[in-house]
There are 2 protein chains.
Amino acid sequence: MQLIDGKAISDQIKVEIAREVEQIKKNGGKIPHLAAILVGNDGPSETYVAHKVKDCEEVGFVSTLLRFDASISEETLINEIKKVNANSDIDGLIVQLPVPKHISEAKIIETIDPAKDVDGFHPINMGRMLIGLPSYISATPAGIVELIRRYKIQTSGKNCVVIGRSNIVGKPISNLLAQKSDFGNATVTMCHSRTKNIEEICRNADIIIAALGKPEFITASMVKDGAVVIDVGITRIKSEKTKSGFKLVGDVKFDEVAPKCSFITPVPGGVGPMTRVSLLQNTLLSAKKIIYQ
Amino acid sequence: MQLIDGKAISDQIKVEIAREVEQIKKNGGKIPHLAAILVGNDGPSETYVAHKVKDCEEVGFVSTLLRFDASISEETLINEIKKVNANSDIDGLIVQLPVPKHISEAKIIETIDPAKDVDGFHPINMGRMLIGLPSYISATPAGIVELIRRYKIQTSGKNCVVIGRSNIVGKPISNLLAQKSDFGNATVTMCHSRTKNIEEICRNADIIIAALGKPEFITASMVKDGAVVIDVGITRIKSEKTKSGFKLVGDVKFDEVAPKCSFITPVPGGVGPMTRVSLLQNTLLSAKKIIYQ
């Protein structure tokens, strides 16, 4: 069994990006610049955005945090997004979700210039991803693909089961793994809450991507010997063994599943750190005008 | 075994649309208007466009056929598309594919106003479909969904196998059938040229959508008793039994598979006629501003 060390890989990628930024500076080029919009004072959102700003600093990107009161009107927010779209110094723009209920999330996302949509949530990027055109791929599926690439995990012709059909994980990763590409060509089955024979389907899988958000849902009896298991779930549950009284667990019962696997991601330290680094990679792609010219 | 009569259903839908157009006329409303762009003189394209114009006439739509020489520049074609985008009388615009090689198909499609993209090929419509937002769904998957609806075929919790991963059939229909909706919630496996155990996968399927374009690929031994089989393939092969010396066959060996099925589409007369009527349905949706306001 080989542990997929998302923390180590993400650290390595950050070093690679930092080196590239150094090179850009040396050549007198423009430093990649990420702008983040935060509306209101939601606790977790504050943390996520702070992480993103910190990650930018670490690799040498410029970052701008634009904060607005929770009472901002949809129209004003849309105008603020348009200003960022028009600002040629800014390469990437993310709007931290969720936005307050009086603002349409879909409208906000569709206002972002697709060429700056480094979260990859704009339907045009989702659509381009689906039909195999260059696009920004959202953080979690991009992170999973990067792990598959760096660990040289074979996907072609493999039976892959994705559990969960969310717009930001299940749907994109299913389509990416099925696609003609060097990390794709898998035979993908997408399972969800209505799937009837999920245990049996999992037992036939060479690769399992668990992204349903149910702690320790995947047990040893659902996994065949030698399978690859990628655990996207992360839930905070009570624990008597930790000082804080809580611990983080994934969608996989790690202790019993791990011994059967050829590769497995831990939680935390697996997919999680990769999602953070994906945003940096997309911002660099934008600065280099790789996806949109 | 029940035969899914795509010809009869599509005729019925055309009657329904014609009635609605009559009603619009009575109320002094604007008649739905489809514009088709045809570049060059490709034989099959001429036929397809002629059918589309004829279908419009049948239901009482206005249609405009814009013809351009095969030598038209990409820039000029793009400007012509922009003119149609700006023409408020035109509800739907299709550009008959393929376009000559010196013109980028992707650029042409992305120039069409998504609100008039009744072929549903624009990445923004593909993306909206993927994430479950209102969108134009392209002709073949829309036709399949309509057959499933009208024949009240149960999809929720069913094992569905889609064979083929094309952008216009396999990918969209896989995602539609997996989605939360009254014609979705299936557990979908997408198979393709790299799939290794396709016979076994098919034998476990409650619903098979064959869209690989290989004549009579699906045989009786690949289909379980009571399965639903939707045949998207249509290939012209030599035949000594017909006057023309040719006959049309699907991806399914109909004679041996049909007796095992609960529902099956014939070729021709199954999915084919439904794809033609889908374009009319999308044009009507556009005229009524159902998808985009």
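Let me begin where the chains meet: β6(A) is joined to strand β6 (residues 187-191) of chain B by three bridges, and the two strands run antiparallel. One pair to look for is A:V188, whose bridge partner in β6(B) is B:M190. When I say strand or helix, I mean a DSSP run, of at least two residues (E) for strands and at least four (H or I) for helices, numbered from the N terminus, and I call two strands paired if DSSP finds at least two bridges between them.

Before going on, please keep in mind that this is a predicted model, in which local features need pLDDT of at least 70 and side-chain atom pairs count only at pLDDT 80 or more, while totals for chains, interfaces and linings use all residues. Residues are numbered from 1 along each chain as its sequence is written, and chains are lettered from A and ligands numbered from 1 in the order in which they are written.

Turning to the interface as a whole, 26 residues of chain A are in contact with 26 residues of chain B, contact meaning that the C-beta atoms of two residues, placed from the backbone, lie within 7 Å. On the side of chain A that touches chain B, at least two residues each come from α5 (123-131), α7 (170-178) and β6 (187-191). Which of these elements gives the most to that side? It is α5(A), with eight residues. By class, this side of chain A has 11 nonpolar, 10 polar and five charged residues, where Ala, Val, Leu, Ile, Met, Phe, Trp, Tyr, Cys and Pro count as nonpolar, Asp, Glu, Lys and Arg as charged, and the others, Gly among them, as polar.

How are the two copies related? A rotation of 180° with 0.0 Å of shift along its axis superposes chain A on chain B, with an RMSD of 0.0 Å, which is the relation of a two-fold axis. The superposition is by least squares on the C-alpha atoms of residues with pLDDT of at least 70 in both copies. Of the interface residues of chain A, 100% are also interface residues in chain B, so the copies meet through the same surface.

There is also an open sheet of three strands in chain B, in the order β3-β2-β4, with parallel pairing. Here β3 (62-68) and β4 (92-95) of chain B are the edge strands, each with a single partner, so one side of each has no neighbour in the sheet. Strand β2 (residues 33-39) of chain B pairs with β3(B) over seven bridges in the parallel sense, and B:A36 has B:L65 as its bridge partner in β3(B). Helix α2 (residues 43-59) of chain B packs on this sheet, touching β2 and β3 of chain B, and its direction makes about 170° with that of β2(B); such angles run from 0 to 180 degrees between N-to-C directions, with axes fitted to C-alpha atoms, for helices over the stretch in contact.

For a helix pair, consider helix α6 (residues 139-150) and helix α7 (residues 170-178) of chain B, which pack at an angle of about 35° with their axes 8 Å apart. Their contact is made by B:P141, B:I144 and B:V145 of α6(B) and B:P172, B:I173 and B:L176 of α7(B), and by class these are six nonpolar, no polar and no charged residues.

I will close with some backbone details, recalling that most residues other than glycine have a negative phi, and most peptide bonds are trans. A cis peptide bond, with omega about 0°, joins A:V267 and A:P268, and A:P268 is found in the loop between β11 (263-264) and α10 of chain A. In chain B, a cis peptide bond joins B:L97 and B:P98, again with omega about 0°. Finally, A:N185 has a positive phi of about 65° although it is not a glycine, and A:N185 is found in the loop between α7 and β6 of chain A.
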